[in-house]
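Here are my notes on this one, written as numbered points. Have the structure open while you read, and check each point as you go.

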Amino acid sequence: MSGIVATLMGTGSLAVALNLGFGTLTAPRAGTWPAILSVLLIVLGLALMSLAKTFTDAERITRRAMSVGVGALSIVIAVQLMPVIGFEIPGFLLMVFWMKVLGGEKLLKSALISALAVLALYLIFVTGLSISIPHLF
């Protein structure tokens, strides 16, 4: 089952990444790295499906495993919002959601770390590397 989920998520992520524009390895665009990681996810999902019968020590799936699906869904929502409103707001909200709701951290700590992380990503990719990603500022 997990191999199917990984393959489907990789396929969906690849479609979104290609929508952002792939570019080339020497002139990457916004979808280059997401596309590369999506292909890797597809390959790993297919490998997991083919090797799943040989696993004998897998852990049980409990209610806590639902947080993985919720986390994956939150990424899909954030990625859909990024071309429309930039990466800053969805990135901030995604990190706060993961830390506060899924991780149980305090709201103030989650918001502070999220704001600093988005600022760091902005400075690295937009200002420093001049990467073409959707952004507000």
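1. Let's start with residues 33–52: this span is 95% helix and 0% strand, and its end C-alpha atoms lie 28 Å apart. Helices here are DSSP runs of H or I with at least four residues, strands are runs of E with at least two, and both are numbered from the N terminus.

2. Before you go on, remember that this is a predicted model, where local features need pLDDT of at least 70, side-chain atom pairs count only at pLDDT 80 or more, and totals for chains, interfaces and linings use all residues. Residues are numbered from 1 along each chain as its sequence is written, and side-chain values use heavy atoms, with hydrogens and water left out.

3. The span in point 1 comes from a record: an unreviewed UniProt entry puts the annotation "transmembrane region" on residues 33–52, 73–99 and 111–133. Such annotations may be inferred rather than shown by experiment; the positions follow the numbering used here, and feature names are shortened. Over residues 111–133 the chain is 78% helix and 0% strand, with 23 Å between the end C-alpha atoms.

4. Now zoom out. The protein has 5 helices and 0 strands, and its C-alpha trace spans about 50 × 40 × 20 Å along the principal axes.

5. Which residues lie nearest the centre of the largest pocket? They are Ala30, Pro34, Ile75, Val79 and Met82, out of 35 lining residues. A pocket is an open set of points on a 1 Å grid over the protein atoms alone, where a 1.4 Å probe fits and protein lies on both sides within 12 Å along at least five of seven lines; lining residues have an atom within 4 Å of a point.

6. The volume of the largest pocket is about 1100 Å³, counted as the space filled by probe spheres set on grid points, which are joined across faces, edges and corners. Helices α1 (2–20), α2 (32–51), α3 (66–85), α4 (88–102) and α5 (107–128) are the elements giving two or more residues to its lining, and α3 gives the most, with 8.

7. The second largest pocket holds about 350 Å³ of space. Its lining includes Met1, Val5, Met9, Ile61 and Ala72. Once again α3 gives the most, this time with 4 residues.

8. Thr7 deserves a look. This residue of helix α1 counts as buried because its relative accessibility is 12%. A polar atom of its side chain lies 3.4 Å from the backbone nitrogen of Leu46. Not counting residues up to four places away in sequence, Thr7 touches Ile42, Gly45, Leu46 and Met49, where contact means heavy atoms within 4.5 Å.

9. Leaving aside neighbours within four places in sequence, its contacts include Met82, Phe92, Tyr122 and His135. Compare Leu41, which is 46 residues from Phe87 along the chain: their C-alpha atoms are separated by 22 Å.

How values were computed. Buried means under 20% relative accessible area, exposed over 50%, partly exposed in between (1.4 Å probe, protein chains only). A polar contact is a pair of N or O atoms within 3.5 Å; within protein, one must be able to donate a hydrogen and the other to accept it, and residues adjacent in sequence count only if both atoms are side-chain atoms.
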